[in-house]
Amino acid sequence: MRRRIVILGSTGSIGTSALDVVARHSDRLEVLALSTHSRVDELVEQAERHRPAVVAVTGREPTEAQRARLSALGVKVLLGDDALVGLARLESADVVLLAVVGAAGVRAAVATVEAGRTLALANKESLVVAGSIVMSIARRTGAAVLPVDSEHSAVHQCIRSGQRSEVSRVILTASGGALRDMPLEKALRATPAEALKHPVWSMGQKVTIDSATCVNKALEIIEAAHLFELSSEQIEVVIHPQSIVHSMVEFADGSTIAQLSPPDMRLPIQYALTYPDRCDAVAPRMDFRKAVRLDFHPPDLRRYPALESGFEVVRRGGSLGCVFNAASEVATEAFLDGRILLGEIHPIIRATMQGHAVVDHPTLTQLLEIDESTRRAARDIVRQKAYCVTPEVAAKT
């Protein structure tokens, strides 16, 4: 039987790539449900192409014309904040691909593993905010949590070369982002347009900016700790400009296993949707008949101070991941809006973390409350920072 796939965030870059994977393996996979926040026209077009049973819109409501097109397909429409949870709990779902951006995916992740469904996780924030809760529920219900991030998918694949107890350390690779080779002082004052020109990956705005600051890699450090039950001492980060080695795992005997492939998100998406099987490739293959250069070097912590904050979150645990994530979302949005400089993103995250009293074993309700209060605190700091940079930035507040 074909696996029935729910794609939360189907109009984003991960969602559209996932639909391509499903279409190329229609003998194995079928679309059960799709969701979008505000790109309703795109959602309707996807529904006409892939014929899901249900769709959800979490932002603005569909127009009468859009509703009519969905009704003609016999598609049920869910609306509002609870719509993602409703799709995650569909009884006929086999795999839920969580590809929405930010903390909005936390409740859907919890609902998925509570229902015992396989969670294909492209929303790292779910584990950053509530990793101990999500993974504890998954262990209780037997739900599989399969990473879709290229780095964590690579780790998952490499760990299959040995026993989990034999893992010595995990090495996450980072491209260094769009500003990797820009002089540091200039990079700290880079424009959003400059920071969005990633040299390898085509991603959404938030993750592309986070790549330039390595906030994204800090989030991945926290996610890896939850996914693979790692301490901060077992995780390392290296800069790898080519983005061909997606991560590495070192075992107790000193052997290091790496996963290599050309940068294409369809490969980790397919791996998660078809696991434990492997299907014919939908992404390009490595061509070793051509010369291949692979460079690795340690990250410059003056350029990427967020990495140290990520390791601190792993060491301290509790509610601190929730605070890191909420502050990063507020700060990155402020940068994209032109209200702060790029170099202010991490100081805002740090100031917010320092003002938080860590809750060691928070409930989901507490985490959602902390998320809201952290955003308010971070916005207050943004307002202060905005008047300390340039007149042009201050004028936009």
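Helix α13 is followed by glycine 317, whose phi is positive, near 65 degrees. Helices here are DSSP runs of H or I with at least four residues, strands are runs of E with at least two, and both are numbered from the N terminus. The model is predicted, so local features need pLDDT of at least 70 and side-chain atom pairs count only at pLDDT 80 or more, whereas totals for chains, interfaces and linings use all residues. Residues are numbered from 1 along each chain as its sequence is written, and side-chain values use heavy atoms, with hydrogens and water left out.

- Helix α13 spans residues 306-316 and is largely enclosed by the rest of the structure, because 8 of its 11 residues are buried. Buried means under 20% relative accessible area, exposed means over 50%, and partly exposed lies in between, for a 1.4 Å probe and protein chains only.
- The buried residues of α13 are Ala306, Leu307, Ser309, Gly310, Phe311, Glu312, Val313 and Val314.
- The cover over these buried residues includes α10 (205-213), α11 (215-228), β9, α14 and α15, where contact means heavy atoms within 4.5 Å.

**Leucine 342**

- Leucine 342 is placed in the loop between α14 (320-336) and α15 (345-354), and it is buried, with a relative accessible area of 7%.
- Leaving aside neighbours within four places in sequence, leucine 342 is in contact with Leu179, Ala187, Leu188, Ala190, Ala195, Ile209, Thr213 and Phe335.
- The C-alpha atoms of leucine 342 and alanine 212 are separated by 9.1 Å, although the two residues are 130 residues apart along the chain.

**Backbone exceptions**

- Most residues other than glycine have a negative phi, and most peptide bonds are trans.
- Glutamate 229 is not a glycine, yet it has a positive phi of about 55 degrees. Glutamate 229 is found in the loop between α11 and β9 and is exposed, with a relative accessible area of 58%.
- Serine 243, also not a glycine, has a positive phi of about 55 degrees. Serine 243 lies in the loop between β9 and β10 and is buried, with a relative accessible area of 6%.
- The peptide bond from tyrosine 275 to proline 276 is cis, with omega near 10 degrees. Proline 276 is found in the loop between α12 and α13.

**The sheet of β8 to β11**

- An open sheet of 4 strands has the order β9-β8-β10-β11, with mixed pairing. Two strands pair if DSSP finds at least two bridges between them.
- β9 (235-239) and β11 (256-260) stand at the edges with a single partner strand each, so one side of each is left without a neighbour in the sheet.
- Neighbouring strands of this sheet are turned by 20 degrees against each other on average, direction ignored. Axes are lines fitted to C-alpha atoms, for helices over the stretch in contact, and angles run from 0 to 180 degrees between N-to-C directions.
- Strand β10 (residues 245-251) runs antiparallel to β11, and 5 bridges join the two. Serine 247 stands opposite glutamine 259 in β11.
- Helix α7 (residues 150-159) packs on the sheet and touches β8 (167-174), β10 and β11, its direction making about 35 degrees with that of β10.

- Strand β1 (residues 3-8) runs parallel to β5 and is joined to it by 4 bridges; leucine 98 in β5 is the bridge partner of leucine 8.
- A further 4 bridges join β5 to strand β6 (residues 118-121), again parallel, and leucine 98 stands opposite leucine 121 in β6.

**The cavity**

- The structure holds 1 cavity of 30 Å³ or more. On a 1 Å grid over the protein atoms alone, a cavity is a set of points where a 1.4 Å probe fits but cannot get out, and lining residues have an atom within 4 Å of a point.
- About 40 Å³ of space lies in the largest cavity; grid points are joined across faces, edges and corners, and a volume is the space filled by probe spheres set on the points.
- The lining includes Ser150, Trp201, His246, Gln259 and Asp264.
- α7 and α12 (266-274) each supply at least two lining residues, and the largest share, 4 residues, comes from α7.

Methods
1 Å grid on protein atoms, 1.4 Å probe; cavity = no way out; pocket = protein on both sides within 12 Å on 5 of 7 lines; lining within 4 Å.
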